[in-house]
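Please open the structure in your viewer and keep the selection panel at hand. The stops below are intended to be followed in order.

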Amino acid sequence: MAPRARTAPGKPAATPTVVDAHVPVSRDAGRISTHGDVISSSLSRSRPSGTADLAVDEDKDESVKMGLGSRSGRGDLLTAAVRPASAASVGSAAVQERLGQLVGLFKDRTERRKDRLLDPDESEGRESPAASPPPPPPPGEDETEGPAVGKEEEEALLLFHLLGRPVQIPKRLAVPKWLRAVAEFRFPSSIDPFTDLVYVLWLFLVVAAWNWNVWLIPVRWAFPYQTPENLHLWLLVDYACDLIYITDILVFQPRLQFVRRGDIVCDRKAMQENYMTTDRFKMDVISLFPMEILYYWTGVTSLLRFPRLLKYHVFFEFNDRMEAVMKKAYIYRVIRTSTYLLYSLHVNACLFYWGSDYQGLGSTKWVYDGNGNAYVRCYYFAVKTLITIGGLPDPTTVFEICFQLVNYFVGVFAFSIMIGQMRDVVGAATAGENYYRACVDGTAKYMNSYEIPKAVRNRIKTWYDYTWKSQGMLDEQELLLQLPAKMRLDIAVDVNYSIVSKVALFQGCDRQMVFDMLTRLKSVVYLPGDFVCKKGEIGREMYIIKQGEVQVVGGPDLGTVFVTIRAGSVFGEISLLAGGGGNRRTANVKAHGFANLFILDKKDLAEILVHYPESQKLLRKKAKTMLTKDDEKPREKGSGKDPPQLIPVPPDTPRMFKAAMRVTARAGLAGTLAKLEKSCGPPRRTPPPSPLPAGHSSVIATTSPTEGEELLYARAAATGDREAEKREVEEDAE
């Protein structure tokens, strides 16, 4: 509550303003007096918009209860508001205006509370009424807010004295985003060694530490590059590499996932136990064996760090991960093989300098004379020795001869291995191109042997060239056949599903049926001007345009373009289901430029639909609807041709045959044959013997058409001993 406005004794009462008016309301007849409980006009001043409404409502409730308790309705309050002001209140007009505003706020509050009780959800969405503009703060309030703001600023700053001078720094410094991301990073509980890129980067750091030891331990041992002046730098890098080794053993390796009985194990304890049971853990521990303790007796000798080289398995693991990540892995293989050769030359250069120092620098023509850069001169000697270029001085001592013989043998052996590896790497990198060249050469030889026209040869060569450049292979199916069926399906879905899902014919079909269909699609490249299909041909495939454009052409010379079909469109889908002549092509379609199409064969679709009868019914229904729509225009023109039937209807029975059947049904087969015998005469040839037993004959009759069926049956009846009489006549004749 704001303090009450008081008048100093002996001074006239100042006229109160609207801003700071305090209106006490007494209970006697609702008159306004200068004493009692007050209704503060600053209820909503300096309130947040979200809480101002409720705060104003609560304060108003209190004011109404205390100042207007004797009045039973709002009419009394209004009556009190319009009564003439007392002598003690100056500026009653302003006070009455303020009371009118309060009454309006009371009404709005009552309506809002009523709405909340009836429908809480609806009332929450309504906007709160606009609050009256907050009055300016009193003079005393500015003085109180100023120190509060200053206090907050002082709390945001950290004050301390430096060299007797006060220094202020902000408590909350602006932290960069990258530093915040590093601080918020949490190390994963398990790491996938095959797909985690962070693990590959860590392997690169470990391999760098391993290469430091592999390359520089021989140099520091043979050449005089490690001196007391720079010894601290060498040791600093050595121990930094050791720290990387330790971090790899304690942090990364125990978190690597592994496979146990087909399951990927991610349990922390199980991963630690698995790592500790492997040979890699043993080699990692041996590689950190602290042989530096012997520095106390031998001095700082780099050869005592040779156990660090036993962490070689991390190098080969990094090679495998790099080949899996890189798009052109053969480039890395070439670099790695070249590095093998350079390292062998590096070791030989170190050994040559050690041998020269053992014999004495410049003591003979064969050893290093000590002039120039020692490492470069010795490396040059190693290159000439291992590659057997020649031009070297002849060794004179037994040590020099033995050293040179070992150099020659190792050089020939190592260099032959390097050449063989390089040949394998280059051969693997160019295997696909070699296969392509072999196919082109074989096709060219075949065309030359049969004297194929030059135009056809050029088109075939163009097809080979474009297919190889666009796909990188001649047949995608050969590559996919090497993969399991599940992986082939995954690749087919990623590549082709976005196109096939747009085909209206297959929308609504079983999703698995569409997936099975994706694996049957075949990619074919058409050259500019090639006809994909011609009018009147039997349609056995559906075409999906993967890349390029095709045109529907017509006219006398097939030069009129009716429509151009672009990538993502489909044509020929009706031919997959239509029968009874409906699978004939109705237009000429040719490629406009190079076109890469997916082809779905009718036979493949039929094999798939056997397992999806509901999808088969849906496809037949859609195909019939599409055929009916396509046939409406020819019917309007008076062509009179019926649309092709999906299920062929058997042809009608000829009229002549129907009449013969009706006569036979009435007279019976025996009567019909008797009439024919009377009109044409008896047959001249003897009928063949009956297959029935002796004494039996067969009579063929047809049922009456009134019985609803035309069924032939055979009935055997006894006819006497005709065959026996015939045999007796033949015996008498003899």
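The model is a predicted one. Begin by selecting residues 194–212, which the unreviewed UniProt entry annotates as "transmembrane region". This span is 84% helix and 0% strand, and its end C-alpha atoms lie 25 Å apart.

Next, select helix H7, residues 197–222, and go to Arg220, which is found in this helix. Is Arg220 buried or exposed? With a relative accessibility of 6%, Arg220 counts as buried because the cut-off for that class is under 20%. Display its side chain together with that of Asp238: the two side chains make a polar contact at 3.0 Å. Beyond the residues up to four places away in sequence, Arg220 touches Trp212, Gln226, Trp234, Asp238 and Ser302.

Move to Trp221, also a residue of helix H7. Trp221 has a relative accessible area of 31% and is therefore partly exposed.

Now select Phe223, in the loop that joins helix H7 to helix H8 (231–252). Phe223 counts as buried because its relative accessibility is 2%. Which residues is Phe223 in contact with, leaving aside its neighbours within four places in sequence? They are Ala349, Cys350, Tyr353, Ala374, Tyr375 and Cys378. For a distance label, pick the C-alpha atoms of Phe223 and Leu351: they are separated by 9.7 Å, while the two residues are 128 residues apart along the chain.

The last two stops concern backbone geometry. Most residues other than glycine have a negative phi. Select Arg261, in the loop between strand S5 (258–260) and strand S6 (263–265). Arg261 is not a glycine, yet its phi is positive, at about 55 degrees. Its relative accessibility is 78%, so Arg261 counts as exposed.

Finally, select Glu451, located in the loop between helix H16 (431–449) and helix H17 (454–471). Glu451 likewise has a positive phi of about 55 degrees although it is not a glycine. At 68% relative accessibility, Glu451 counts as exposed.

How values were computed
Residues are numbered from 1 along each chain as its sequence is written. This is a predicted model: local features need pLDDT of at least 70, side-chain atom pairs count only at pLDDT 80 or more; totals for chains, interfaces and linings use all residues. Side-chain values use heavy atoms; hydrogens and water are left out. UniProt positions are given in the numbering used here, feature names are shortened, and annotations may be inferred rather than shown by experiment. Helices (H or I, at least four residues) and strands (E, at least two) are DSSP runs, numbered from the N terminus. Buried means under 20% relative accessible area, exposed over 50%, partly exposed in between (1.4 Å probe, protein chains only). Contact means heavy atoms within 4.5 Å. A polar contact is a pair of N or O atoms within 3.5 Å; within protein, one must be able to donate a hydrogen and the other to accept it, and residues adjacent in sequence count only if both atoms are side-chain atoms.
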